[in-house]
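Hello,

Here is the structure I promised to pass on. Have a look at it first, and then read my notes below.

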Amino acid sequence: MSKEEKNIKIICKAISDRKLIQFKYKGLSKVVEPYLIGEHEDNGNIVLRAYSVGGQSKSPSVFGWKFYDLTHIEELLVRTESIKIKKDYNPNDNDISRIICRI
């Protein structure tokens with residue numbers, strides 16, 4: 001099983017259990033609420049759609065809806081904190097051509 005396949009399995013379990021996850025992404029620490037894994041419409045990469053709640057960011061805001069390419073996720077951990085589903089979450093994400101798992 002590849003690293004990406006292991007990450008998909010772990011994140012899909014966290015999604016079904018509604019748990020926060022943390023990981024390193026391109027060298028930065030991230031804490032996110034995972035909502036959906038699927039194939040991105042533009043490039044076909046497997047991505048995580050998540051709401052960022054903490055950690056580090058190169059963009060002006062750490063917080064908000066973001067995509068994470070699964071090939072860049074390292075040191076993945078499922079946390080004990082539960083998530084409360086955001087009102088603006090769209091389970092039929094227009095940027096995703098094929099959904100693997102979602103809330």
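Which residue lies over the face of Y51? The residue is K86, at 4.5 Å from the ring centre. Likewise, R49 lies over the face of F67, at 3.9 Å from the ring centre. For both I used one rule: NZ of Lys or CZ of Arg within 6 Å of the ring centre and within 35 degrees of the ring normal.

Some housekeeping: this is a predicted model, in which local features need pLDDT of at least 70 and side-chain atom pairs count only at pLDDT 80 or more, while totals for chains, interfaces and linings use all residues. Residues are numbered from 1 along each chain as its sequence is written, and side-chain values use heavy atoms, with hydrogens and water left out.

Now to the helix. Helices (H or I, at least four residues) and strands (E, at least two) are DSSP runs, numbered from the N terminus. Helix α1 (residues 3-17) has 15 residues and spans 21 Å from its first C-alpha to its last, close to the expected 21 Å (1.5 Å times one less than the number of residues). Its buried residues (under 20% relative accessible area, 1.4 Å probe, protein chains only) are N7, I8, I11, C12, A14 and I15. They sit on the same side of α1, because they cover an arc of only 160 degrees around the axis, taken from the directions from the helix axis to the C-beta atoms. Among the elements covering them are β1 (19-25), β2 (28-40) and β3 (46-55). R18, with a positive phi near 55 degrees, follows α1.

Next, the core. The largest nonpolar core has 28 residues, and those with the most contacts inside it include I11, F23 and Y68. Such a core is a set of buried Ala, Val, Leu, Ile, Met, Phe, Trp, Tyr and Cys residues joined through side-chain atoms within 4.5 Å.

Finally, the rings. Rings of Phe, Tyr and Trp (its six-membered ring) pair if their centres lie within 6.5 Å; planes under 30 degrees apart are stacked, over 60 edge-to-face and the rest tilted. There are seven aromatic pairs by this rule. One of them joins Y25 and Y68 edge-to-face, at 5.1 Å centre to centre and 80 degrees between the planes. Y25 is in strand β1 and Y68 in strand β4 (residues 64-69), so this pair ties together parts 43 residues apart in sequence. Both Y25 and Y68 are buried. The pair of Y35 and Y89 is tilted, because the ring centres are 4.7 Å apart and the planes at 40 degrees. Ring pairs also link Y35, Y51, W65 and Y89 into a cluster.

Best wishes

Note on methods:
Buried means under 20% relative accessible area, exposed over 50%, partly exposed in between (1.4 Å probe, protein chains only). Contact means heavy atoms within 4.5 Å.
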